[in-house]
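Hi,

Here is the model I promised to pass on.

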Amino acid sequence: MSLVWTLIATFLYAEIGVVLLLVLPLFSPYKWNRFFKSKFLSMLAQQAHLYFFLIMGVLVLFLLEAIREMRKYSNHENSGEVHLNVEMQHSMRLFRAQRNFYISGFAIFLVLVIRRLVTLISAQANLLAQSEASMKQAQSATAAARSLINEKTDKAKEATEDTTLNELNKLRERVQELTADLNREKKDKEAVKSQAESLNREYDRLTEEYSKLQKQITIGAAGGASNKDD
């Protein structure tokens, strides 16, 4: 294998290692995204399209060269007069051309795969970051709604308590008024009762005096009648 194809094969092996690192769950999308956005890769990303097309152009050129070599050695017609060593050299060159074709073809394919994997991992990391931000916003909105509901509930409780206290105060004042009215009625009843008792005593006294007076009149009338008979 020549030096150029050795470099292309090494590049292919490196691509296989990179693909395995990206596919296997060794690192989270956050770490890969941080690595992709590092200062070194950010500097390279400014010329990433240029590097990509340059690598793809070189690999495509070597792929076309391998295809040309394959067609060149595939169209060779075998003849009985050809020496065995020449035939073996021809087969070896055809094998090398086929090998170079597969190396360059897989290298081009893995370049496209790596580029797509990097894009998907970055998009996944951005989506995860957006989902976390949305979850935090939803949690903060939920907490704010809960605090607002609790505040309204507390205010409603305070208003209910104030209303209940006002009603209790009004009821207490009404009970006090009724108690005062009842006490006044009791006092009035006692006053009426004492007046009735005094009237009864006065009536009894007048009745007794009337009886005494009537007896005196009766006695006086009887005494006058006896004087006339004498």
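Let me start with a salt bridge: arginine 174 pairs with glutamate 177, and their closest N and O atoms are 3.5 Å apart. (A salt bridge here is a side-chain nitrogen of Lys or Arg within 4 Å of a carboxyl oxygen of Asp or Glu.) Both residues sit in helix α5, 3 residues apart, about one turn of the helix. Arginine 174 is partly exposed at 46% relative accessible area, and glutamate 177 is partly exposed at 42%. For those words, buried is under 20% relative accessible area, exposed is over 50% and partly exposed is in between, with a 1.4 Å probe and protein chains only.

Before I go on, the housekeeping. This is a predicted model, so local features need pLDDT of at least 70 and side-chain atom pairs count only at pLDDT 80 or more, while totals for chains, interfaces and linings use all residues. Residues are numbered from 1 along each chain as its sequence is written, and side-chain values use heavy atoms, with hydrogens and water left out.

Back to the charges. The count comes to 4 salt bridges. Glu65, Arg68 and Glu69 are linked in a network of salt bridges.

Now the overall fold. The chain has 5 helices and 0 strands (DSSP runs numbered from the N terminus, H or I of at least four residues for helices, E of at least two for strands). Buried residues make up 14% of the 230 residues. Of the contacts between residues at least 6 apart in sequence, 86% join residues at least 24 apart; a contact means heavy atoms within 4.5 Å.

What holds the middle of the list is the nonpolar core. The largest one has 20 residues, and Leu22 and Leu59 have the most contacts inside it. (A core is a set of buried Ala, Val, Leu, Ile, Met, Phe, Trp, Tyr and Cys residues joined through side-chain atoms within 4.5 Å.) Helices α1, α4 and α5 (84-229) each supply at least two of its residues, and the largest share, 8 residues, comes from α5. Leucine 59 touches Ile8, Phe11, Ser104, Ala107, Ile108 and Val111, leaving aside residues up to four places away in sequence.

There are also 2 aromatic pairs in the whole structure. Tryptophan 5 and phenylalanine 62 are edge-to-face, 5.3 Å centre to centre with 75° between the planes. That pair links distant parts of the chain, with tryptophan 5 in helix α1 (residues 3-23) and phenylalanine 62 in helix α4 (residues 48-74), 57 residues apart. Tryptophan 5 is buried at 9%, whereas phenylalanine 62 is partly exposed at 24%. Phenylalanine 101 and tyrosine 102 make an edge-to-face pair too, with centres 5.5 Å apart and planes at 65°. (Rings of Phe, Tyr and Trp, its six-membered ring, pair if their centres lie within 6.5 Å; planes under 30 degrees apart count as stacked, over 60 as edge-to-face and the rest as tilted.)

Cheers
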